[in-house]
Amino acid sequence: MISRVNSIITIPLFFFGTHCSIIFLLFPRALLRTTNHGHWEPALLNMIIELFLLVLLLKGLSKAGNLDYADLLLPLGRWMSSFLLIPLTLYLLLIGIMGIRGFAELMQIVFVLRSPLYSLLILLCLITYVGSSVGPRGILRASTFLSLLYLPALLFALLGCSINNSKWDNIFPIINTSFDFMHHGMYLVSLFSICPFLLLGMLPPVTKVRMKPILLTMVPLTILYMVIVYIPILVYGINAASLMNYPLATSIDTVNITWTIFDRISIFYAAALLAFVMLTASFVLWSSALLVKKMVPIWKESYIRPILCLFIFIIAFLIPNWNSYMSIASKDVWFRLFIYILIPLAVYFRGGFIQRKERK
């Protein structure tokens, strides 16, 4: 019964929440710069790409049983497993680094303008470390609670912005028949937003991951992807919105609703985003530590996690500003595509091999 509840409610909410931690900072800026109109087309293409990779990954996991990435790939031998698992571990850490560093930037804008970067990063990394210490089941339970608590606040912030400051004629023209975004390098940067599907590969030993609830979650996610791209367009127009570093946060900050507990509606947005960023960062820290532990069994996990957390802090601190942050997101495109393509394919074929072996 508990496993079924996890599959139907907890895992989809976790999947949705991890996407929220990624898309609200980087995705609108990247996608707004890919084309001048018809932004729903690249947003929809992103989701189609994720859907294909997700189905490939989940089919492989279902064939393999209750095995995670390490359990699946380590039997391939030291060299092949290292070729697959080391880049995957580094990419999971990169998700944590980009999430924590990006939110620290947002905190300086919304909450604490004068606070030094290192103090914010220390706070966020400590929360991440404590969160990772509760283990995957604790993180999944927290994802359910945080989703029920903060998703309404996040939707309220988006709805308040859409209703109050939108100029609906900015949405036109709706259709882009040239598909010029496919020739723009920034479109590949926007694919960073689909990375949470990789996190599902660490869950089979913890709980069963059912395909149908995850696929149903893709429907509201697709709508959300389009909404957060179009809000800056509706508020400022594409010419102004595409020049902003934080188009969505800036759009939400224009709303003035006097009857709320906070003077600025962006506080709702930032508080909800904090919860989801910490959820994702905690899970990727736990996942990367587990992968390292399984690759090098003699190392103690109690040492691995703090070392990786320190690594996240140092790399995040070495990113001086938002331009450098975006530069990293642009330069890691090919590494990201390598992970997106190779890991689902490896899991799919490895899962099929295990299934055929068990039938014999």
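**Entry 1**

Does Arg101 count as buried or exposed? I looked this up in the predicted model and found a relative accessibility of 2% for Arg101, so the residue counts as buried. The cut-off I applied is that buried means under 20% relative accessible area.

I then looked for the partner of Arg101. Arg101 forms a salt bridge with Glu105, and their closest N and O atoms are 2.8 Å apart. I noted that both residues belong to helix 5, where four residues, about one turn of the helix, separate them. Glu105 has a relative accessibility of 12% and therefore also counts as buried.

I reminded myself of the general principle: side chains of opposite charge can pair when their charged atoms come close.

I next asked how many salt bridges the structure holds. The number is four.

One of them joins Lys294 to Asp68, with 2.8 Å between the closest N and O atoms.

Asp68 is buried, at a relative accessible area of 0%. Lys294, at 25% relative accessibility, counts as partly exposed, and Asp71, at 27%, counts as partly exposed as well. I recorded that salt bridges with shared partners join Asp68, Asp71 and Lys294 into one network.

Which residues of helix 14 are buried? In this helix, which spans residues 322-331, I found Trp322, Tyr325, Met326 and Ala329. These residues cover an arc of only 95° around the axis, which means that they lie on the same side of helix 14. Asn323 and Lys331, on the other side of the helix, are exposed.

I then examined what covers the buried residues. The cover includes helix 2 (27-32), helix 5 (78-110), helix 8 (185-190) and helix 15 (333-359).

Finally, I inspected the start of helix 14. There, a side-chain oxygen of Asn321 comes to within 3.2 Å of the backbone nitrogen of Asn323.

Technical notes
Residues numbered from 1 in each chain as written. Predicted model: local features only at pLDDT ≥ 70, side-chain atom pairs only at ≥ 80, totals over all residues. Heavy atoms only, no water. Buried < 20%, exposed > 50% of the residue type's maximum accessible area, 1.4 Å probe, protein only. Helix = DSSP H or I, 4+ residues; strand = E, 2+ residues; numbered from the N terminus. Arc of directions from axis to C-beta. Contact = heavy atoms within 4.5 Å. Polar contact = N/O pair within 3.5 Å; in protein donor to acceptor, adjacent residues only side chain to side chain. Salt bridge = Lys/Arg side-chain N within 4 Å of Asp/Glu carboxyl O.
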